[in-house]
Amino acid sequence: MLRLPSFRLEQPDTLPQALALLDQAGPEAAVLAGGTDLLPNMKHELRRPSVVIALSRVKGLTGIAEAADGAIEIGAMTPLAEVAQSALVARALPALAQAAALVAGPQLRQRGTLGGNVLLDTRCQYVNQSHFWRSALGFCLKKDGTVCHVVAGGSRCVAAASADTVPALMTLGAVLEVARHDRTRQLPIDAFFVADGIVNRRLEPTELLTRVRVPRPAAGHRGAYGKLRERGSIDFPLLGVAARLDLSEAGVVEHADLVLTSLAAAPRRVAGAADALRGSAPGHAPAEFETAVRRVAELARRQCRPLPNLPGDHEWRGEMVPVYARRTLLAAAAGQGPVHHV
Amino acid sequence: MLVRGLRRKIGVILQLQVNGDVHEVDVPDHWTLLEVLRYRLGLTGSKQGCDKGDCGACTVLLDGQPAISCLVLAREAEGRSVLTIEGLAPRHVAAGGCGVDPVQAAFDASGALQCGFCQSGMILSAWALLARNPRPRPEEVRAALAGNLCRCTGYTQIFDAVARLATAGAATAPETSPEAVRD
Ligand SMILES: Cc1cc2nc3c(=O)[nH]c(=O)nc-3n(C[C@H](O)[C@H](O)[C@H](O)COP(=O)(O)OP(=O)(O)OC[C@H]3O[C@@H](n4cnc5c(N)ncnc54)[C@H](O)[C@@H]3O)c2cc1C
Ligand code: SF4
Ligand code: FES
Ligand code: FES
């Protein structure tokens with residue numbers, strides 16, 4: 001049995017009410033969206049807020065819509081199941097639809113939200129454990145302790161960014177709409193994450209994520225998501241790979257991107273991927289395209305060194321980096337995906 | 001908000017609609033729906049396994065959708081309809097059927113359990129699937145039950161139970177048919 005520590009629950013009906021409550025409570029408060037990350041973390045005593053502010057009744061935070069300029073706007077409280085099933089998302093943003101469909105299991109996708117996924121806390125096999133378990137091993141930098149069990153002598157927490165939708169949103173150039181009681185701001189998702197496992201995002205404690213905005217994708221946009229995990233039914237990623245290829249009318253790659261997650265505290269964009277793929281034509285010169293893909297897979301292998309922060313053999317995860325990079329790019333080119341073992 | 005705060009201070013309690021009945025319960029803010037079901041309402045059919053979202057043993061239907069009740073605050077379930085395993089047979093009888101719900105009968109007929117700990121959650125996930133899709137394909141059954149873990153059966157008999165209903169098709173879908181599927 002895992003009990004929640006006690007707190008006061010607030011269930012505001014409007015955004016201004018929620019923002020005012022958050023402003024009053026400051027760092028004492030936790031925001032509850034679907035609760036599928038927050039509540040297990042509270043049960044593990046990783047967080048002990050005195051006030052929990054639930055967004056479930058706040059109007060205007062759900063839904064998926066195409067804006068006049070062709071951008072796709074998704075409310076932060078939109079359930080992942082809705083993102084995964086949306087015909088608009090599947091057509092325009094295939095990597096995002098595939099990633100959302102592979103988060104957790106069906107009940108959790110029904111309750112878990114896109115905003116909560118973007119703001120998912122970092123994960124580590126030494127910290128996502130009960131207080132009892134952690135006290136037996138000895139606490140670590142992320143919570144209550146002074147050492148890191150992953151990197152001996154390390155002074156920085158390297159718990160892994162683990163949200164499936166984030167790499168997809170990064171390849172798509174998403175912008176986060178963030179509100180505080182006195183202002184709103186727009187933040188490119190690329191500038192949102194920092195390589196610090198304790199808190200890996202630039203969000204003030206009094207701010208709410210209200211919306212995710214994805215600019216209109218190119219006409220020839222292709223995308224796919226690849227996910228390595230222990231059990232295909234429910235587990236967090238051991239590795240997540242999002243690929244983007246924008247093809248010209250002639251079928252030539254004009255823009256490309258590859259972002260990986262579940263490595264360190266921030267997702268990682270593979271440097272040089274876009275240059276290696278630009279100019280190749282998967283439909284007309286497949287052999288040449290595959291050579292470029294292999295080059296990118298090799299870049300990914302060299303740039304990404306998984307740490308023993310997640311369960312399982314991290315060297316094997318490292319071996320899987322080029323495999324999933326290659327397969328996900330090929331799936332994107334073919335208009336297929338996800339790359340997933342079940 | 002203010003009204004709600006006052007209500008609570010003067011001791012007005014949480015109203016939960018469970019299996020068609022309205023219950024008034026006095027619970028602290030930090031109690032989960034699962035805790036209220038089990039320890040206030042005595043509905044122990046929803047199981048407390050991992051208590052953190054991994055196993056699905058605590059699955060109930062919230063407005064008809066499978067939900068992990070160990071990760072839902074009881075107060076967040078206010079105003080929504082909760083269906084637990086205890087509610088299936090009475091619902092079936094109220095709709096003119098007899099005995100247990102067809103999904104329960106199919107699990108029984110297929111021997112889809114050993115210890116039974118996963119069964120209430122499994123049945124509710126299967127029930128919700130069949131209510132929206134009376135003839136699911138095998139891969140749809142697997143996907144719908146992916147959030148319910150079974151440590152005993154190896155899943156084969158569980159998939160068999162749902163296949164039994166799926167083959168029978170719309171005629172025996174839990175929403176539409178009063179007739180149980182029985183051997
Ligand atoms: C068994 C299990 C398996 C899982 N598997 C996966 C997986 O494979 N992949 C994956 O990515 N996730 C997984 N998850 C985690 C989780 O279910 C998802 O990440 C989900 O999308 C989280 O969304 P939520 O709405 O439940 O977030 P919550 O738990 O409500 O919130 C998450 C965090 O974000 C904050 N927050 C939420 N919304 C806002 C907002 N609008 N503004 C400001 N702050 C906010 C909360 O305060 C909290 O810190 C799993 C969880 C479990 C229990
Ligand atoms: S990476 Fe180190 S400090 Fe961070 S959670 Fe894991 S063990 Fe703790
Ligand atoms: S008890 Fe709720 S998921 Fe295991
Ligand atoms: S029958 Fe024992 S867990 Fe499923």
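Mentor: Three secondary-structure elements of chain A, namely β2 (29-32), α7 (114-118) and β8 (208-214), each contribute at least two residues to the shell around ligand 1. The model is a predicted one. In total, 37 residues surround ligand 1, and the closest of these are A:V31, A:T36, A:L38, A:T113 and A:D164. By residue class, the shell comprises 19 nonpolar, 9 polar and 9 charged residues.

The shell can also be described by chain and by domain. Chains A and B both provide residues around ligand 1, so the site is shared between chains. Within chain A, the assignment gives domain 1 (8-57) and domain 2 (221-334), with 36 Å between their centres, taken over C-alpha atoms. Both domains of chain A give residues to the shell, and ligand 1 therefore lies between them.

Several polar contacts may be set out individually. A polar backbone atom of A:G34 is 2.7 Å from an oxygen atom of ligand 1. A:D235 takes part through a backbone N or O atom, which lies 3.0 Å from an oxygen atom of ligand 1.

Technical notes. Residues numbered from 1 in each chain as written. Chains lettered and ligands numbered in written order. Predicted model: local features only at pLDDT ≥ 70, side-chain atom pairs only at ≥ 80, totals over all residues. Heavy atoms only, no water. Near = heavy atom within 4 Å. Polar contact = N/O pair within 3.5 Å; in protein donor to acceptor, adjacent residues only side chain to side chain. Helix = DSSP H or I, 4+ residues; strand = E, 2+ residues; numbered from the N terminus. Nonpolar A, V, L, I, M, F, W, Y, C, P; charged D, E, K, R; others polar. Domains from an automatic or database assignment.
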